[in-house]
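Try each task before reading its solution.

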Amino acid sequence: QFFSRLTERFVYGVDVLVDTFWRIWTDVLDVLGIDASNLTHYFSPAAVANNPTHVLLLIGAVLLAYWFLSVFLGFFFSLLHMLFGHFFWIVRVALFAVSCVYILQKYEGEPEHAVLLLCFVVAVYFMTGPVGFYWGRNSLEEKIDHIDSQVRLLNIRLTRIIENMDRANDQ
């Protein structure tokens, strides 16, 4: 019973968060002049023929949303990777499990609706793995730092060798 209450509260909290983001998104669309209550209207052939600028605005808004989502996810997972370091895999597994619990709890009686969301969660899980952009960036930064320290060591050794050669020539 404790677990079911906990999952219900978790689902409610995530629903409130998603509803907040949806309201912000509809406000952005309203500012752009797009009626967010009936987005399918913009893709009908009559609407495209009458006003193609609305379709272009909608496509631009979708691309903008995709960009914001990718920047947010990249920043969020980079922050998690920076905070947890080598234990980031535990955070990834925990987020994956919590996401699956949310989707399965939310769409308990409607498995056909849950499939698309579960596929999205699995895709995000794999995108945040070793092929994600921040993994390469961190290892690249580490490699650059390592090369920089090697160059410093070589400079110190070269300076010592030159000083020893100058002393030998002076004697």
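**Exercise 1.** In which helix do F72 and F76 lie, and how many residues apart are they?

*Solution.* Both lie in helix α3 (residues 52-84). They are four residues apart, about one turn of the helix. Helices here are DSSP runs of H or I with at least four residues, numbered from the N terminus.

The model is predicted: local features need pLDDT of at least 70, side-chain atom pairs count only at pLDDT 80 or more, and totals for chains, interfaces and linings use all residues. Residues are numbered from 1 along each chain as its sequence is written, and side-chain values use heavy atoms, with hydrogens and water left out.

**Exercise 2.** Classify the aromatic pair W67 and F68.

*Solution.* Start with the rule. Rings of Phe, Tyr and Trp (its six-membered ring) pair if their centres lie within 6.5 Å; planes under 30 degrees apart are stacked, over 60 edge-to-face, the rest tilted. The structure holds three such pairs. For W67 and F68, the centres are 5.1 Å apart and the planes meet at 55°, so this pair is tilted. Now compare F72 and F76: with 6.0 Å between centres and 15° between planes, they are stacked.

**Exercise 3.** Is F76 buried or exposed, or in between?

*Solution.* F76 has 31%, so it is partly exposed. F72, at 47%, is partly exposed.

**Exercise 4.** Which residues of α4 are buried?

*Solution.* They are F88, V91, R92, C100, Y102 and I103. Looking down the axis of α4, these buried residues fall within an arc of 165°, so they line one face of the helix. The arc uses directions from the helix axis to the C-beta atoms.

Note on methods
Buried means under 20% relative accessible area, exposed over 50%, partly exposed in between (1.4 Å probe, protein chains only). Helices (H or I, at least four residues) and strands (E, at least two) are DSSP runs, numbered from the N terminus.
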